[in-house]
Amino acid sequence: MVHFVGAGPGAPDLITVRGKQYLEEADVIIYAGSLVNPQLLEYSKDVCTIYNSAKMTLEEVISVMEKAEAEGKTTVRLHTGDPCIYGAIREQMDILDEKGITYDSCPGVSSFCGAASALNLEYTLPDISQSVIITRMEGRTPVPEKESIQSFAAHNATMVVFLSTGMLDELSRRLIEGGYRPDTPAAIVYKATWDDEKKLICTVDTLAETAKKNHITKTALMIIGDAVKGARYERSKLYDPEFTTEFREASK
Ligand code: SAH
């Protein structure tokens, strides 16, 4: 059995109870060493074999899983944040399917949620934005043409940009070209929930200089939209005294 487990954004106590239990029971752990907090490995049992996938190819990862399976062992594949976001899990699962190896997924706290908690943000403010766009600039992995930053920017919704810290001049250019005001509030959150977390509030047109000034070149999220700061939003209907809900009668 292989468990794909979300490690959470960084702080070791932000793994789920279920994820921690899988780590405690695992005979083999393959963790994404570039971003998973190594403190999580302290939950493993003494006889557990641990591999850092940052130094491995997909084939090597699969061969470790296959060997463990043949020996009747349980493997945890530990991914940063939640495995469903830029986790490269599908390609592993498809090969496991071919080999008849069973697996399941245990969710984790994605870094975009960790970053919101770092800033005490609500991404979905009434009257400001009711959508969160999760995207990235293209790198070695291309982004489909129809998903350009400009096209998403046209919505002026809350946007969270992954995997793009080295391209902030170009990101700003595209965000403004697409329709955000240059002074739209933005944030850069570096290593959200880690001990060395940094959180910086800026604007769309100052993303690059803010990152540069603070020596941030990787492991950061850019959050864009009026939800980041100072927006005048509507109160929620759910807690409005004049509004009846399934659980509460309106007071007048
Ligand atoms: N599955 C992960 C994302 C993996 S892609 C998740 O759900 O969070 C790796 C990218 O995620 C990094 O380049 C960075 O943009 C972002 N990232 C991961 N952990 C982060 C953290 N603690 N703080 C800020 N950004 C983070």
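Reader: Great. What kind of model is it, and how many helices and strands are there in the protein?

Author: It is a predicted model, with 7 helices and 10 strands in the protein. The C-alpha atoms fill a box of roughly 60 × 50 × 35 Å along the principal axes.

Reader: How much of the protein counts as buried?

Author: Of its 252 residues, 45% count as buried. The protein exposes about 13,700 Å², and carbon and sulfur atoms supply 50% of that area.

Reader: Now the ligand. Which residues come nearest?

Author: There are 18 residues around the ligand, and Ile85, Ser110, Ser111, Ala192 and Ala220 come nearest. By type, the shell divides into 11 nonpolar, 5 polar and 2 charged residues.

Reader: How much of the ligand does the protein bury?

Author: Taken alone, the ligand exposes 540 Å², and the protein buries 95% of that.

Reader: Switching to helices: which residues of H6 are buried?

Author: H6 covers residues 168-178, and its buried residues are Leu168, Leu171, Ser172, Arg174, Leu175 and Gly178. Seen down the axis of H6, they fall within an arc of 165 degrees, so they line one face of the helix. On the other side of H6, Asp169 and Glu177 are exposed.

Reader: What do the buried residues of H6 pack against?

Author: They pack against helices H5 (149-153) and H7 (207-213), plus strands S7 (158-162), S8 (185-190) and S10 (220-224). After H6 comes Gly179, with a positive phi near 140 degrees.

Reader: Nice. And which residues of H3 are buried?

Author: In H3 (residues 90-99), they are Gln92, Met93 and Leu96. They cover an arc of only 95 degrees around the axis, which puts them on the same side of H3. The buried residues of H3 pack against helix H2 (58-70) and strands S1 (2-6), S4 (75-79) and S5 (103-106).

Reader: What follows H3?

Author: Gly100 does, and its phi is positive, near 70 degrees.

Methods:
Residues are numbered from 1 along each chain as its sequence is written. This is a predicted model: local features need pLDDT of at least 70, side-chain atom pairs count only at pLDDT 80 or more; totals for chains, interfaces and linings use all residues. Side-chain values use heavy atoms; hydrogens and water are left out. Buried means under 20% relative accessible area, exposed over 50%, partly exposed in between (1.4 Å probe, protein chains only). Helices (H or I, at least four residues) and strands (E, at least two) are DSSP runs, numbered from the N terminus. The arc is that of the directions from the helix axis to the C-beta atoms. Contact means heavy atoms within 4.5 Å. A residue is near a molecule or strand if one of its heavy atoms lies within 4 Å of it. Accessible areas come from the Shrake-Rupley method with a 1.4 Å probe; for residues, only the protein chains shown count as cover. Ala, Val, Leu, Ile, Met, Phe, Trp, Tyr, Cys and Pro count as nonpolar, Asp, Glu, Lys and Arg as charged, and the others, Gly among them, as polar.
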